[in-house]
Amino acid sequence: MLSATSIEKLKKIVGADNVATDRQDLICYGYDATQMEFLPDAVVHPGSTAEIAAVLQLANQEKFPVIPRGAGSGFTGGALPSGGGVVLVVTRLNRILRIDTENLIAEVEPGVVTEQFQLEVEKLGLFYPPDPASLKFSTLGGNVAENAGGPRCVKYGVTRDFVMGLEVVLPTGEVIRTGGETYKGVVGYDMTRLLCGSEGTLGVITKIIFKLLPLPEAKKTMLTIFDSIDGAAKAVSTIIGNKIIPTTLEFMDYATLQCVNKRFNLGIPANGRAVLLIEVDGDRDLIEKQAATIQELISPLGLVECKIAQDAAESEALWKVRRLVSPSLRDVNPDKYNEDIVVPRSRVPDVIRVIEKIQQKYDIPIVNFGHAGDGNIHVNVMIDKEIPGMEEKAHQAIAEVFQAALDLNGTMSGEHGVGLAKQPYIHLELKPAQVAAMQAIKKALDPNNILNPGKMFPVKT
Amino acid sequence: MNNSEALKRVEQELKKCVKCGACRANCPAFAAFGKEPAVARGKIALAQHLLKGDIELDDATYAAMSKCLLCGSCVEKCPNNVPTDEIVMVAREALARRRGLTTFHAAVGQVIKNRSLMKFGAAAGRILGPLFFRKVPETSGLRLRFPLPFIGGKRHIPPLAKKPFLERHPEVIPGEPGKPRIVFFVGCMTNFCYPQIGEAALALFGHLGCTVIIPKKQQCCGLPGMSGGDLDTVRELAEKNLVELERYEADYIMSACATCSGALHKFYPNLIGKRHPELAARLKAIAEKTVDAAELLHKLGLNPAESGAGREVKITYHDPCHLRTRGITKQPRELLLSTPGVELAEMEGADRCCGLGGTFNVYHYESSMQINAAKSAAIIRTGAEALATGCPGCMMQLADGLKQHGSSVKVIHTLEVLARKLLQRH
């Protein structure tokens, strides 16, 4: 519980207008896309690194938790005030500080919205590839803290692969720089990579230096429909085995197709069992050639239909199939657990088969789609929370799905992180010694357990 | 009493929100205020807590619910199609029931229910002036100088028409036999401020041989009342309008005001129909016949090229929210493009709200003009001579914004562009 004097001190630091304690404001900063809800004691909107540092120093003196927050669009509760405390909203820090076209880097503040950044660099012929589904509203600070992914990661890598340096306020209030503006740099520990994906437990990110790429000249989109899941999976490994790395290899299973087709009647052929949405980018000549090669390579794999977009409008029409997935899912059941397991890409059909068995065992609809190119499958366990017992069954099913991914040398989460939602399962993936090493780092940087306490690691009782 | 009898009606809709945050990308109010209570997701969370009874219909709830332009951008982009615009109106209704209407909205209700009050606007303004305003954030110094329900104090106001449109024409203007019969829902802004829009509509539909019927006793659509949660007034107006609109056999009910046709098409059946099931079937029948003027001209195959060569003019087009959210974006552009002499220069963000937002601009005039600033800048960047749009409310806001940005871009209704030649002849 935050004392009245702490609130007064917070107001002195960030200004009274930037401290909210009305219940209405607290409610509005107590949720995220997990749909879990908690009530913070105060919401603070700092306007500078110095203010953030001062808030953390105060927090250490008065021992209240601080929970950094960007857009609050995470799927695992990373930005939720699960133990009360102060929600620290960084969206006022929303400037693109510079785009350096000679060194192909950009420096931004954490509150910049991902898509706005992409559009700005693209105006200069540059490219920032990470494209989480939430890119129109998620913030870059949140993307770094959660190490966000997206469809284009199969070719370009995840957020972490574009972060060169950071300015960070440590949990105790010191401001440090990590990494820098050079690609090479081996002096000291790689704190930048440690902070990417640290879910706001090790520091508050206040500046980010990103690596940029030249913007590819063009892209080509193909929608391919297969008569079996194996055909689609074989297509993925065949394309990549033939040294073509598409920008995107999005996959939808039969259950997903049925959902979309039922609601939007997209004319998917009756014998279609799986869809791959394939996109290649690069020089115009090259991608024409690649598209033709891909079609040739996948034709023998039970290809039912192959649509190749000839222009941007046709491309958008093909993407529509993928974009309609989420809105269609609620026809199956009103609530969902959206998990994001990863397996080596050649094991995708194996994991889908195991998931089908889990679905039968628990009698819960599970819809799978996602980024087949890097083996990252969104496993959507569709339930109705109002049906007694269904939620419990879902948790058991999810644990088995995670175990299946791990058995195939995969991981529980490729993009969403642990936060609160996956805590109960992390022992499946991390050995006690691993957890101990991680907790030692946390303890060293945050001796008072101020910053985002109770996240990632289960709280010991 | 529970907070939330009104909110009960939208309980199922509230459950659909998964708090994903997609609304943050599109909400003009969020862009202006930057804080979560201003965005759809926040308002839905608050409505859910109101239903649970753990917050009150107090100042903080009021402040949050007031920060919505009812533009529908969030609904359009929501993966689960949560109708936040309707939820906000219902929440405002609950607030109005608990707290009483704000003085402003009580006055709005009186004015929109009473045509003669509107007609003798200046006098009414003087009478109502002293009643004004409950102190709300950002409303320093507001005065009701003009008793049209959209209009706050600081803005540049379009001059009143010498003779309101509804008094200018007979109730039935016959066309050719076998051609469509159209009931014209004129709307307050067209009637009192922009009668030229009505004239353009008559010229264009007349040109197509349509019979145009202008029921004399038609009322305000009620949206300004809806915007304040005064759903009793809206119901009263809707009932009167139903009688007027049902009085003639017609193929279409047409309005050249995006807000009015939006009210008839969407908000009448969804808000009033759900609240008053006895009216639902009639409201639905009206809604199904309601069309936007440009949408209908396009559908009936108006060919502006017939009007012969026109002066070269570069025009940019603004999408009114209440047309865009109904998918009416191509039709006005295609009509403009086929008009001789017209060059259409698209602005950046033509689909973004102008910032008017019903009565939003009265309570949050500064934010309203902040939202408008990006719009004005985008319009000016096109180098267009004129801006066309399909909503008199947008026209007033855009003209105000452009004037404040020192621009001489002329603001006109799409129909005025299309009817240029025809009107010259008449």
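**A guided look at a two-chain predicted model**

Let's start with one residue: A:Pro300 is found in the loop between helix H10 (284-298) and strand E15 (303-308) of chain A. Helices (H or I, at least four residues) and strands (E, at least two) are DSSP runs, numbered from the N terminus. This is a predicted model, in which local features need pLDDT of at least 70, side-chain atom pairs count only at pLDDT 80 or more, and totals for chains, interfaces and linings use all residues. Residues are numbered from 1 along each chain as its sequence is written, while chains are lettered from A and ligands numbered from 1 in the order in which they are written.

- Is A:Pro300 buried or exposed? A:Pro300 is exposed, with 11 other C-beta atoms within 10 Å. (A residue is buried if 20 or more other C-beta atoms lie within 10 Å of its own, exposed if 12 or fewer, and partly exposed in between; C-beta atoms are placed from the backbone.)
- Along the sequence, A:Pro300 and A:Ala235 are 65 residues apart, yet in space their C-alpha atoms are 9.3 Å apart.

**Strand E17 of chain A and its partners**

- Strand E17 (residues 366-371) of chain A has 6 of its 6 residues buried, so it is largely enclosed by the rest of the structure.
- On one hand, E17(A) is joined by 3 bridges to strand E13 (residues 248-252) of chain A, and the two run antiparallel. (Two strands pair if DSSP finds at least two bridges between them.)
- Here A:Glu250 stands opposite A:His371 in E17(A).
- E17(A) also pairs with strand E18 (residues 376-383) of chain A, in the antiparallel sense, over 6 bridges. In this pairing A:Ile366 stands opposite A:Val381 in E18(A).
- The hairpin of E17(A) and E18(A) has 4 residues between the strands, and A:Gly375 there takes a positive phi near 70°.

**Helix H13 of chain A**

- How does the span of helix H13 (residues 348-362) of chain A agree with what 1.5 Å a residue should give? Its 15 residues should span 21 Å, and its end C-alpha atoms are 21 Å apart, which agrees. (The expected span is 1.5 Å times one less than the number of residues.)
- The buried residues of H13(A) include A:Val351, A:Ile352, A:Ile355, A:Ile358 and A:Tyr362.
- The buried residues of H13(A) pack against helix H8 (229-241), strand E16 (335-342), E17, E18 and helix H14 (390-407) of chain A.
- Just after H13(A), A:Asp363 takes a positive phi of about 55°.

- E3(A) pairs with strand E4 (residues 86-89) of chain A in the parallel sense over 4 bridges, and the bridge partner of A:Ile67 in E4(A) is A:Val87.
- Leaving aside neighbours within four places in sequence, A:Leu88 is in contact with residues including A:Val66, A:Ile67, A:Pro68 and A:Arg69. (Two residues are in contact if their C-beta atoms, placed from the backbone, lie within 7 Å.)
- A:Leu88 is also among the residues with the most contacts inside the largest nonpolar core, which has 202 residues. (Such a core is a set of buried Ala, Val, Leu, Ile, Met, Phe, Trp, Tyr and Cys residues joined through C-beta atoms within 7 Å.)
- Apart from that core lies another, of 64 residues, among them A:Ala232, A:Leu257, A:Val275 and A:Ile364.

**Where chain A meets chain B**

- The contact takes 21 residues from chain A and 20 residues from chain B.
- Which helix gives the most to the side of chain A that touches chain B? H2(A) does, with 5 residues.

**Domains of chain B**

- The domain assignment, which comes from an automatic or database source, gives chain B domain 1 (5-99), domain 2 (165-298) and domain 3 (307-425).
- The C-alpha centres of domain 2 and domain 3 of chain B lie 22 Å apart, and 29 residues of domain 2 of chain B are in contact with 24 residues of domain 3 of chain B.
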